[in-house]
Amino acid sequence: MDKCDYKKFYETVGNLNGWDFSKLQVQSDEPKWDFYDEVKRRAKTTDILLDIGTGGGEKILTIAPSLEFTVGIDLSHAMIQVAKENLKNSNLPNVQFLHMSSDKIGFPANFFDVVSSRHAPFNAKEVARVLNTDGLFLTQQVSEADKLNIKIAFKRGQSFSEKDGVSKERYIRELKTAGFSNVQSFDYNVTEYYQRPEDLIFLLQHTPIIPNFGMETEDYSRLTAFIENNRTKKGICTNSKRFLIIAKK
């Protein structure tokens with residue numbers, strides 16, 4: 001997908017359900033970390049946090065009570081609309097959601113103590129600009145080898161033709177160039193088990209793993225073959241591969 005395709009895709013998902021996949025029946029091996037737990041653990045109660053690509057705000061609302069103030073931004077109008085509804089239901093007074101691009105963050109320099117970005121694009125120079133001295137940036141991104149057996153079965157997919165680790169190394173270079181003095185990275189690759197075919201179909205319909213899933217004639221025959229070839233006693237098996245970058249300004 002190019003940038004325009006992604007924007008259209010996220011608007012569609014935002015109109016449907018934000019990023020709430022809570023009804024999916026899926027089991028997985030224990031990952032090495034939970035991203036927003038990491039953000040919460042490393043942030044202080046006096047910190048102001050910016051969450052880039054906040055989606056429907058479901059995750060950031062769970063840690064907002066432990067922070068001084070939280071701002072969530074997203075490029076999708078529909079996502080921000082969902083986030084504002086979720087905020088209204090939460091009754092939290094210290095959170096604001098704004099429609100905003102990560103390429104041009106509308107806040108003064110050195111405004112935030114912590115910036116987070118989970119599975120969303122970010123601009124390293126803008127992150128460095130809005131972070132204060134000794135500020136912290138955390139990002140979790142999807143590795144190229146994520147859902148690899150699904151991409152092989154469909155003969156296409158998100159970052160399918162790219163070497164695993166390329167995006168992580170690119171982000172590290174960009175952060176160092178932007179002035180971050182201490183940049184660390186971590187990886188995990190865990191097995192996931194989708195309990196029902198409809199859980200897997202929902203995943204593929206609401207994520208960019210297989211671009212335009214269902215639009216090619218052979219997609220559902222490929223899906224049927226994939227399910228049969230990867231069905232186990234625990235469920236339909238695939239993998240979740242992620243990397244975490246923690247950078248100090």
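Is Ser159 buried, exposed or partly exposed, and at what relative accessibility? Ser159 counts as partly exposed, at a relative accessibility of 28%. The legends below refer to a predicted model.

**View 1. Ser159 in the loop between H6 and H7.** Ser159 lies between H6 and helix H7, the latter spanning residues 166-177. Its phi is near 60°, which is a positive value in a residue other than glycine. Most residues other than glycine have a negative phi.

**View 2. Asn110 in the loop between S4 and S5.** Asn110 is not a glycine, yet its phi is positive, at about 65°. The relative accessibility of Asn110 is 43%, so this residue counts as partly exposed.

**View 3. Ser143 in the loop between S6 and H6.** The loop that holds Ser143 runs between strand S6 (131-142) and helix H6 (148-154). Ser143 has a relative accessible area of 3% and is therefore buried, the cut-off being under 20%. When neighbours within four places in sequence are left aside, the contacts of Ser143 are Lys151, Asp164, Lys241, Arg242 and Phe243.

**View 4. Packing of helices H8 and H9.** Two packed helices are described by the angle between their axes and the distance between the axes. For H8 (residues 197-206) and H9 (residues 219-230), the angle is about 130° and the axes are 11 Å apart. H8 is therefore oblique to H9. The crossing of H8 past H9 is right-handed. On the H8 side, the contact is made by Pro197, Leu200, Ile201, Leu204 and Gln205; H9 contributes Tyr220, Leu223, Phe226 and Ile227. Sorted by class, eight residues of this contact are nonpolar and one is polar, with no charged residues.

**View 5. The whole chain, as context for the close-ups.** Nine helices and eight strands make up the secondary structure elements of the chain. The radius of gyration is 18 Å, close to the 18 Å given by the globule rule for 249 residues, so the chain is as compact as a globular protein of that length. Along the principal axes, the C-alpha atoms fill a box of roughly 55 × 40 × 35 Å. Buried residues account for 48% of the 249 in the chain. Among contacts with a separation of 6 or more, 70% join residues 24 or more positions apart.

Terms used. Residues numbered from 1 in each chain as written. Predicted model: local features only at pLDDT ≥ 70, side-chain atom pairs only at ≥ 80, totals over all residues. Heavy atoms only, no water. Axes fitted to C-alpha atoms, helices over the stretch in contact; angles between N-to-C directions. Helix = DSSP H or I, 4+ residues; strand = E, 2+ residues; numbered from the N terminus. Parallel < 35°, antiparallel > 145°, perpendicular 65-115°, else oblique. Left-handed = near helix turned anticlockwise from the far one by under 90°. Contact = heavy atoms within 4.5 Å. Nonpolar A, V, L, I, M, F, W, Y, C, P; charged D, E, K, R; others polar. Buried < 20%, exposed > 50% of the residue type's maximum accessible area, 1.4 Å probe, protein only. Rg over C-alpha atoms; globule rule 2.2 N^0.38 Å.
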